[in-house]
Amino acid sequence: MSHQELNNIQLDVLKEIGNIGAGNAATSLSQLLNRSVQMTVPVVNIVSFDEMMEEVGGSDDMKAAVFVRVDGDVPGSMFFIIAPEEADLFIQMMLDSPSASLESHDEMAASAFLELGNILTGSYLRALSDFTQLEVIQSVPTVAIDMVGAMLTQGLIEISTETDQAIMIETVLHDIEGLEREMTGHFFLLPNPTSYETIFKSLGVQSND
Amino acid sequence: MTSVATMTKVGIADYNVVEYPNTIMTAGLGSCIGLVLYDERKKVAGLVHVMLPDSTMSRTTSFNGAKFADTGIQLLIDSLTELGARESRLKAKMAGGAQMFDVKSSNELMRIGNRNTEAVRSLLEDRKIPIISEDVGGNKGRTIEFLLDSFQLKIKTIKEGVTYI
């Protein structure tokens, strides 16, 4: 199935995945931080690889990323991407330390960010599994702080053997209560092309072919 | 008359060629390879941003050739030849082939950076195109720009700033 053939019902299903996944992650995060966390309505976009990089500020923009490889019934990749200085705000709340920073080679900060990534991606993917009743196995999350294009490409390698476009299921976390600055974290779920068929079938959505 | 140099931007799985005094660049290379081929006498250069080592990996029969090292190099040489370059005079510089995340996985595609590097080296060797310099591997993103006045490849990374090879 090529990406252009997705119909409205299928797009809605993918949006719902973004919705419940990020919703679950937002709930986990607000429990962790003991503050309310908002999220935006998910966007499902069929984009070229270059368009995807533009979406997060351009290929060589510096971001902090958590990457998880997804296996099982719906292989693919998942990212949580955030500006390093905004990641620091989360970390400072988690560690209750106003000086914690990812860029100061602070090991506590790095492990707090990994833990944050673990919680967010874990709860997102658990929701995906509950919703679809499919087996979702996630790799141990890894983090990096570097050019966003260089990091996101990791999630496009497998997709690129089949197509030049990615279906990007994107949800943004923002507006965390009690903060002066806005924080925006992006979730990207990038299923491999074959995973869509599996998801649609499991949810009883008619496939095109 | 003054001429203004322009910078041509090459996207992911894309290629292009330029003539002096223009420059050519690509941003955010991770496991991908940015390969520059240039002809010093004609002062022309081409850049391809490849994602994968070999076009046999494509699961579709029609595909974008710039995505793969083998077909990408061919496209680049063809375009450079059209600009008057000669294959026997071409030289190469390259960067990229990193592994951005330390993932423990049996999946070969998780370590694609090394395979891309090896594929490009071997394809260039087959064609007897010398690699003058390279900055490959590691776990860093790279943005590169090729300058036709000095034939230098400018490499920008987050941690190390700007270097020239």
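## A walk through chains B and A

Start by selecting strand β4 (residues 33-39) and strand β5 (residues 44-50) of chain B, which pair in the antiparallel sense over 7 bridges. Strands here are DSSP E runs of at least two residues, helices are H or I runs of at least four, both numbered from the N terminus, and two strands pair if DSSP finds at least two bridges between them. This is a predicted model, in which local features need pLDDT of at least 70 and side-chain atom pairs count only at pLDDT 80 or more, while totals for chains, interfaces and linings use all residues. Residues are numbered from 1 along each chain as its sequence is written, chains are lettered from A and ligands numbered from 1 in the order in which they are written, and side-chain values use heavy atoms, leaving out hydrogens and water.

On this pair, click Asp39(B): opposite it stands Val44(B) in β5(B).

Now widen the view to the open sheet of 5 strands in chain B, ordered β2-β5-β4-β6-β7 with mixed pairing. Strands β2 (15-19) and β7 of chain B are at the edges with a single partner strand each, so one side of each has no neighbour in the sheet. From one strand to the next, the twist averages 15 degrees.

Next, pick Asp135(B), in strand β7 (residues 131-136) of chain B. Is Asp135(B) buried or exposed? Its relative accessibility is 16%, so Asp135(B) counts as buried (buried is under 20% relative accessible area, exposed over 50%, partly exposed in between, with a 1.4 Å probe and protein chains only). Show side chains, and you will find a polar contact between those of Asp135(B) and Arg142(B) at 3.2 Å. Such a contact is a pair of N or O atoms within 3.5 Å; within protein, one must be able to donate a hydrogen and the other to accept it, and residues adjacent in sequence count only if both atoms are side-chain atoms.

Over to chain A: select Asn192(A), in the loop between β8 (185-191) and α7 (193-202). Asn192(A) is buried, with a relative accessible area of 5%. Which side chain makes a polar contact with the side chain of Asn192(A)? That of Glu158(A), at 3.0 Å. Leaving aside neighbours within four places in sequence, Asn192(A) is in contact (heavy atoms within 4.5 Å) with Pro75(A), Gly76(A), Glu158(A) and Ile159(A).

Notes: Axes are lines fitted to C-alpha atoms, for helices over the stretch in contact, and angles run from 0 to 180 degrees between N-to-C directions.
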